[in-house]
Amino acid sequence: MEQRDFKHQTRGCLVGCVVAVLFWSVATAQRYSISEEVNEGTVVGNIAKDLGLDKGTLKNRKYRIVSGDAHPHFRVNQNDGILYVNRKIDREEVCEQTNACVINLKTVLENPLEVHYVAVEVLDINDNSPSFPEEEKRLDISESVLPGARFQLKPSRDEDSGHFSVQQYKLSQNDHFRLEVRDKGEDGKIPILVLQKSLDREVEGNHSLVLTAIDGGKPPKTGKMNIVVIVLDVNDNTPIFSKDMYSVMLSENAPIGTTVIQVNATDLDEGQNGDVFYSFGNSVSNKLLSIFDINPLTGDVTVKGLIDYEQRDKYDIDIQASDKGIAPLTSEKSVIIKIVDVNDNAPEIEVTSFSSSIPEDSRPGTTVALISINDLDSGLNGKVICSIDEDVPFVLSPSLQNNMYSLVTRSPLDREKQAHYELTISAKDAGQPPLSSERMISVVVSDVNDNNPEFSLNPYTFYVIEGNAPGVHVFSVKASDRDENDNARISYNILRSGGEDNKFTSFLNINPETGSIVALKSFDFETLKTFQFHVVASDSGTPPLSNNVTVIVFILDQNDNAPVIMYPLSSNGSAEGVEEIPRNVNAGHLVTKVRAYDADIGYNGWLLFSLQEVTDHSLFGLDRYTGQIRTLRSFTETDEAEHKLVILVKDNGNVSLSATATVIVKLVEPKEAFAASDVKSAAQDDEDDNATFYLMITLGSVSVLFLISIAVLIAMQCSKSTEYTSKYLQETNYDGTLCHSIQYRSGDKRYMLVGPRMSIGSTIVPGSHANTLVLPDRRRVSEEVRAALNT
């Protein structure tokens, strides 16, 4: 798989990249086919002709194949656009035994950049012979074994696929045995040795047979295995299964240890010759052995691994029953296990927040309880419909979150008419047949204290910079009650449930009198970016009334992670590597590339590379954005044979963090460099795969966020009002340039990222601090949206 290196760009280059993406053109793919093992230089096809490319511009526009392979399978001629085989292709090495072996190539034209995809199908030829896992197989068979006894042999394997794989078996001519072949589908053809004439040890003590496997080639290729049959005495009864065939149904996701079926076989002999033990047949694959297990004494087949209906809906397993005689006898039966997907989980109703009493003067729509429905099934089996009794003054209101409901009042309550309600909540899924469950909720109507505490905002949104001191006040909530005296005295507490939010609320504490919230530990932006929890405000009335509010907390990033060198990385873990290059390379030759990543985001995670130390500044140059080291000129005989380069990698945080890497460049003769590059390229490919993968995820996320932010910024700049501009941007310490400012929305919050050229003081808006800018939200005038400013 081709991996791409992403480059850190300057602010100006980023805008150029956006424009370049808009004019990137990708041509449709062209498909060719060629047989494996063809000679180097074989013509595959004329790409220029088939794709309609102008041959005259191929060389000027540097038409080429993009490949990370040091020795690619194909090459293209820049003069005429013809695709050639660059080296012999072994289909089994490239694609193993897949039915269709396709090598995808990506070709590019420059100025402007144009990408064309070419698919080359490698056709199989019969270049592999069948082979047995054993050159000689020994079978111990008692002379008392009756004709018809079957002995399954290990099948032959052929690396070729399709018709060129093993097609048939032949057994050498003999008087006692014949051959049967059992087709196991994906597991191939299984040879079975069948006794057709009784053995007599006194006449002939052993038999030598030859089993030949033949593939479908023309001419066919064969493989052979010698079979030595040793005739034994005494034990003359084979275990017999109680059924001709075993079949059972098994639900998916059955727990490990679940008994699937019990097979039973009996032997008429006595003593060890009559003791039966069970095992899986020789044809059972390792994958099946990881899913099922069998008790050798009882014959119980149990679940050992994960049963997944979507992966496989049926298993055909061969079970062997053998006695413990000196010459053990064995019989086999197939156990067919059919996996069924059934609706086996009824919905679960959970009351996550509930007050057993409600004032009689509560208005319609008052929340009494929060109901969450959970069904472990998936698809239609997990779709749940929730309902309540129709003759009660309550109704279930669905939430934006799936399977979440609020139990609210539908009409005014009158305690004098009815002071108590027994509500039945019913949940039914959409499976066939459907499963349902019920939950009883008791509601008591009370009077006197008829005003609930009210929070000033709902929800609350707070921004906390990571690395805060534990135990220090971070934010607070405030609620008021229109009642008087005890009914208006409010106490606060954090709602701590047994659900997912409990892990966040466990390190928060709230002052029950003031609503001031402290964090018991420091926040880490790289571990936790946002979380929410509920704060409950209760008055002191009898009975007390309460209300809860959602508190949403955003953790702001600061530059607390130093860059990490990913390449070079020596065996002892230090950032040091050795590169060998030939002396005859030209100026601009790529020596190596220093790779690094930073766990921070934005400017804190943007990295710059610089040469901190170099033995000869005229020989090597370093790209400050990509980390590529290239030669600045050709080498001379007077140049030293070894050069040491120390590269400094630092981020763009307010207080920059950095790391260094050391690259030792050795100049060698061309022949030595060619031999060393073959060994090193194989090692670097594996090392780059994981490094590039994580770098792609990090940089890809930042790039997508940047593109979206540019579009949102343009729309907002076009539609913003004069009042907005004058209120937030006319400051004495602002230079009037909004360079690389990015506004984007996440949910109902708006953010602004501003580049280094924007000079904004920490007190531009009351409540702003450090790198935080508060902006108005025109969709919600009553709320403030704050933006993280990384410089």
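In which strand is N46 found? I looked this residue up in the model, which is a predicted one.

**Entry 1: N46**

I located N46 in strand β3, which spans residues 43–46. I then checked its accessibility: with a relative value of 17%, N46 falls under the 20% limit and therefore counts as buried. For its surroundings, I set aside residues up to four places away in sequence and noted contacts of N46 with Y32, K55, D80, G81 and I82.

**Entry 2: aromatic pairs**

I recorded a total of 13 aromatic pairs in the structure. One of them joins F531 and F533 in a stacked arrangement, with 6.1 Å from centre to centre and 25 degrees between the planes. I found F531 and F533 both buried.

I next examined F620 and F635, a tilted pair with a centre-to-centre distance of 6.1 Å and planes at 55 degrees. F620 belongs to strand β47 (residues 620–622), whereas F635 sits in the loop between β48 (628–631) and β49 (642–651), so this pair ties together parts 15 residues apart in sequence. I noted that F620 and F635 are each buried.

I also traced a cluster in which ring pairs link F455, Y460, F462 and F475.

**Entry 3: lysines over rings**

I found K521 over the face of F507, at 4.7 Å from the ring centre. For K529, I noted that the charged end sits over the ring of F525, at 4.9 Å from the centre of that ring.

Note on methods:
Residues are numbered from 1 along each chain as its sequence is written. This is a predicted model: local features need pLDDT of at least 70, side-chain atom pairs count only at pLDDT 80 or more; totals for chains, interfaces and linings use all residues. Side-chain values use heavy atoms; hydrogens and water are left out. Rings of Phe, Tyr and Trp (its six-membered ring) pair if their centres lie within 6.5 Å; planes under 30 degrees apart count as stacked, over 60 as edge-to-face and the rest as tilted. Buried means under 20% relative accessible area, exposed over 50%, partly exposed in between (1.4 Å probe, protein chains only). Helices (H or I, at least four residues) and strands (E, at least two) are DSSP runs, numbered from the N terminus. A charge sits over a ring if NZ of Lys or CZ of Arg is within 6 Å of the ring centre and within 35 degrees of the ring normal. Contact means heavy atoms within 4.5 Å.
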